[in-house]
Amino acid sequence: SHTQSTYLHTHTLTLIMSDAQETTRVNAEEAVKAAHEYDITSVVGNYLDRHLVFPLLEFLQLQGIYAEEDILDAKLELLSKTNMVDYAIDIHQSRAAKLEGEKAAESKEGEEKKAASAELLARRQEVMDLWQSLLRDAAPLLNCFQPEDPDKEDSPLIVDRLKEENLFHMSYLQEKYGANADALNSFFKFAKFQYDIGKYAKAAEYLRHYRMLSNHEERNLSALWGQFAAQILTQDWEMALSVMLELKELIDTRKGVTPTVQLQQRTWLIHWSLFVFFNHPNGRNGIIDMFFQERYLNAIETTCPHILRYLSAAVITNRRRRNVLKDLVRAIETEAHTYRDPVTEFLECLYSRCDFDAAQLKLRECEKVLDNDFFLVACKDEFLENARLCIFETYCRIHSCIDIGMLAAKLDLEQEAAEHWIVNLIRNAHLDAKIDSAANQVVLGTLTPSVYQLCIEKTKGLSFRTYMMANNLNKLSSGSSSAVTAQ
């Protein structure tokens, strides 16, 4: 009898553990399925430079929502059109090492991998030869980036002295260093080559100085795009923001360009700017100020409605910019037939349909979306906190007395956690509300914004616009001084 009881107990535990493992497996599969459904990396990647896609692939590889083999194939496809041969060789070698541990190393597939590696080694020599050739042709200008006194560690660069003395222009450089138009052309190619091999800091520096010397409009625009990408990849967000604003101004004011080309360039800028806006300290204000401009909102609605996900996240996480919610919800409703995801649907449910149950369900899905979005994963907690605040504020506008249990369900929180959250909110936001513990209710006063609050709401975007104005004035001032110097 004791043995039979022990057997039944053991069998029951085995069944429970088996059910738990099955539940975990099913949940994991559902999470991966949801991640695949709402992953827009491939869509966003269509509007990015190849080098800018690498951080996104690295993120997806860490998340583990795709097979590692597929991620490595995607990386190799990107690398095939760059000069980052060493990186491609490393990937091939790691895959070959993995195959050697399996029988596939003996197969035709393994032979193809080895052949590809041999081809990359030959390609590496070609890249080295090209580097030597460009280095030789661009030498007259590259010599300016040498230190004044090579024997001193802190010796300034020649180019810095030339700029201080207003001598960094082609007429002086040709006379002093023999830098003619061909050398300038080679210098541009060398800067682009530095970018292609992944030396982004050097590429940004060379492209910035190329633009100081060149008056070739098309190449200057290309150099500006290259510098913007390089500043993003070096994570120099202040400089990247400055270059982005310069690029935006050039796109908006450039003459002789067809509307189609202008729309295409704005679309690229919108996507590239996501790196800046979700990393710069003032980026959430910047994305709202830029994307709500009529020409950029039109570009989003015309070519890339998926950007509404990022614009929605920026508005939700920025409490001071809720004044644009009406325009945002209108855009979401307009584009609902072409694009929708849990982030945009959350706002639609809450502000358009006032469906709190649906909004609460969408908020749960938002958590999965943000977990697997390269740009939004860092602001996930902030997003969820502010999304709950949006639900609470909207609910308060139509109720004067709220049951805490029901509110906890709307906020997707346990009742005790919801009560603590409400207490902290009342204390920190100075709300006219109190908690009736006996009745388990929140009793609200009249939520009428003061004149001062309305004034603050109207002027909240001034800081970023002032920054843009000051930046433009500095450019005009520097441009005027350069023109006077040239004369």
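Okay, so of the 487 residues in this chain, 44% are buried, where buried means under 20% relative accessible area, exposed means over 50%, and partly exposed is in between, with a 1.4 Å probe and protein chains only. Before I go on, two bits of housekeeping. This is a predicted model, so local features need pLDDT of at least 70 and side-chain atom pairs count only at pLDDT 80 or more, while totals for chains, interfaces and linings use all residues. Residues are numbered from 1 along each chain as its sequence is written, and side-chain values use heavy atoms, with hydrogens and water left out.

Now the overall layout. The chain has 25 helices and three strands; these are DSSP runs numbered from the N terminus, with helices being H or I of at least four residues and strands being E of at least two. As for contacts, meaning heavy atoms within 4.5 Å, take the ones between residues at least 6 apart in sequence: 61% of those join residues at least 24 apart.

His36 sits in helix 1, residues 2-38, and is partly exposed at 35% relative accessibility. What does His36 touch, once you ignore residues up to four places away in sequence? Ile65 and Tyr66.

Next up, a helix pair. Helix 3 (residues 50-63) and helix 4 (residues 68-79) pack with their axes 10 Å apart, at an angle of about 170 degrees. The axes here are lines fitted to C-alpha atoms, for helices over the stretch in contact, and the angles run from 0 to 180 degrees between N-to-C directions. Helix 3 and helix 4 are therefore roughly antiparallel; the cut-off for that is over 145 degrees, with under 35 being roughly parallel, 65 to 115 roughly perpendicular, and the rest oblique. On the helix 3 side, the contact includes Val53, Phe54, Leu57 and Leu60, and on the helix 4 side, Ile71, Leu72, Leu78 and Leu79 are among the residues involved.

On to electrostatics. How many salt bridges does the structure hold? There are 26, each one a side-chain nitrogen of Lys or Arg within 4 Å of a carboxyl oxygen of Asp or Glu. Take Asp86 and Arg124, whose side chains meet at 2.6 Å, N to O. Asp86 is in helix 5 (residues 85-100) and Arg124 in helix 6 (residues 108-137), so this bridge ties together parts that are 38 residues apart in sequence. Asp86 is partly exposed at 41%, and Arg124 is partly exposed too, at 35%.

Now look at Arg309 and Asp341, with their closest N and O atoms 2.7 Å apart. Arg309 is in helix 17 (residues 308-317), and Asp341 is in the loop between helix 18 (325-334) and helix 19 (342-352), 32 residues away. Buried or exposed, this Arg309? Buried, with a relative accessible area of 1%, and Asp341 is buried at 1% as well.

There's also Arg340 with Glu348, at 3.0 Å, N to O. Arg340 is partly exposed at 40%, whereas Glu348 is buried at 9%. Both belong to a salt-bridge network that also takes in Glu345, Arg353, Lys362 and Glu365.

Last topic, the rings. The whole-structure search turns up 17 aromatic pairs: rings of Phe, Tyr and Trp (its six-membered ring) with centres within 6.5 Å, called stacked if the planes are under 30 degrees apart, edge-to-face if over 60, and tilted for the rest. Phe145 and Phe187 are stacked, at 5.8 Å centre to centre and 20 degrees between the planes. That pair links distant parts of the chain, 42 residues apart, with Phe145 in the loop between helix 7 (139-142) and helix 8 (158-164) and Phe187 in helix 10 (residues 181-196). Phe145 is buried at 8% and Phe187 is buried at 1%.

And to finish, there's a ring cluster: Phe59, Phe275, Phe278, Tyr310, Phe374 and Phe375, linked by ring pairs.
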